[in-house]
Amino acid sequence: MQALKIYNSLTGDKENFEPLKEGHIGMYVCGPTVYSNVHLGNCRTFMSFDLIFRYLKHIGYKVRYVRNITDAGHLTDDGDVNNDRFVKQSRLEKLEPMEIVQKYTVDFHKVLEMFNTLPPTIEPTATGHILEQIQLTEKLIKDGFAYESNGSVYFDVQAYNQRGLNYGELSRRNIEELFANTRDLDGQSEKRNPQDFALWKKASPAHIMRWASPWGDGFPGWHLECTAMSTKYLGEQFDIHGGGLDLKFPHHECEIAQGKAANGESPVRYWMHANMLTMNGQRMSKSTGNYILPMQLVSGENDFFEKPFKPSVVRFCFMQAHYRSVLDISNEAMLAAEKGFNRLMEAVKTLSSLPSAQNTSFDVKKWKDECYQAMNDDFNSPILIAQLFEGVRVINLVKDGKETLTEADLRELETTFNAFVFEVLGLKDEQQSAENNDKLDGVIQMLIQMRMEARANKDWALSDKIRNELATLGINLKDGKEGTTYSIN
């Protein structure tokens, strides 16, 4: 079986993956800025890296997966407080900025849980790491890579390049040409050069989200946050950094510069970027109206799709495109994905009841190797899915008596098929889950009834035992005027 290869955005090549520490992987993915509902395009990115996280764990790596929450406000270049997204949204909704943060962080988690993504190992917040960001800024100033200007601090791109480093290496931009073309703008702002980016911004009197610093009250720059948090939890150099393709420049470019300037080495071994999501052949945009939220796709409350689609169908649709390819969704694409998903789930059910034979007419081992080869080729989920449907074909042929498998090969086929469908692709049998939920509800209702009878008989010990035992399982009972209800943590 071939070694795992990853397309490295920094070099533009597929490379054999070699972790810094054998058996261990440090992976950082840029998380959401929680001032509004998570976009469907963002969900595609997070599902892509969930697939990568799942597969790396599946093949035996111990993965520390860090995905941040950006919960600090940022200004546009003009410094207008009204352009801070958190302040803007808090005024629209008449809430405090941190209420906005809480509201949309909960929404983010709820949506990703709906799509069956695994939680990261660590989920740090920008506001929880202000001290680290200030310390990093102080180090960059001390080492001559940054300067203070009117209470703000900027990274000096020209000073960085003059030391033989290369700002622009990830996006392959010629920064010297940009300097030459924009030098006449110098002096029109706090920055020495237009390419310099903020590490720390001075807060205006009207700015709500602010922290004390050696340069006065202010707030951190967007790029600084990820460098501070990734290095804190993964070290000065780590294995994989991921995010959407739109973050390549300037965000990830700035992270490389900050990491090299602060620690003397490139912070990341393998840069990975997920491509964009389009709908009906056009970029998704609120301004054009070609836009839909994840919950609207699942609920069917939209004008683009003829019916609601289960979360696993959406996830399966997304997995049918390679993470580096543009994915276009449409009503037709979703219907086709639903049909394919249902075929997979039917095959899963059929597998467990297939008859074994004395001999085998299908090479299960070769098929299994081809499944792994697909994922080892830069996590090629479309090729993996094609191999799974080859498995579906064989399952149906065995069912019809046109192929034969020994008991050992049947179990190998079943184990591999289920592992890739559920463990790696992260799909769920929605019908089975619904049936299990109905059964769980029935059991809980029975226990609630038993508790009511115990209370009626003044058997407080049994009543308390039922409540406490359910609570230890994460099932909390609440007594009210209309009876007893429950919630599951």
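Predicted model: local features only at pLDDT ≥ 70, side-chain atom pairs only at ≥ 80, totals over all residues.
Beyond the neighbours within four places in sequence, aspartate 328 is in contact with Thr278, Met279, Asn280, Gly281, Gln282 and Ala333.

With threonine 278, the side chain of aspartate 328 makes a polar contact, side chain to side chain, at 2.7 Å.

Aspartate 328 itself belongs to strand β13, which covers residues 327-329. Its relative accessible area is 31%. Since buried requires a value under 20% and exposed one over 50%, aspartate 328 therefore counts as partly exposed. Cysteine 317 is eleven residues away from aspartate 328 along the chain, and the C-alpha atoms of the two are separated by 9.7 Å.

The rest of the chain gives the setting. Its secondary structure comprises 16 helices and 15 strands. Along the principal axes, the C-alpha atoms fill a box of roughly 80 × 65 × 45 Å. Of the 489 residues in the chain, 51% are buried. When contacts between residues at least 6 apart in sequence are considered, 73% of them join residues at least 24 apart.

The surface and the charges complete the picture. The chain has an accessible surface of about 23000 Å², and carbon and sulfur atoms account for 48% of that area. There are 55 positive and 67 negative charges, and the mean positions of the two sets lie 2 Å apart.

Conventions: Residues numbered from 1 in each chain as written. Heavy atoms only, no water. Helix = DSSP H or I, 4+ residues; strand = E, 2+ residues; numbered from the N terminus. Buried < 20%, exposed > 50% of the residue type's maximum accessible area, 1.4 Å probe, protein only. Contact = heavy atoms within 4.5 Å. Areas by Shrake-Rupley, 256 points an atom, 1.4 Å probe, with all protein chains shown as cover. Lys, Arg positive; Asp, Glu negative; His and termini not counted. Charge placed at Lys NZ, Arg CZ, Asp CG, Glu CD. Polar contact = N/O pair within 3.5 Å; in protein donor to acceptor, adjacent residues only side chain to side chain.
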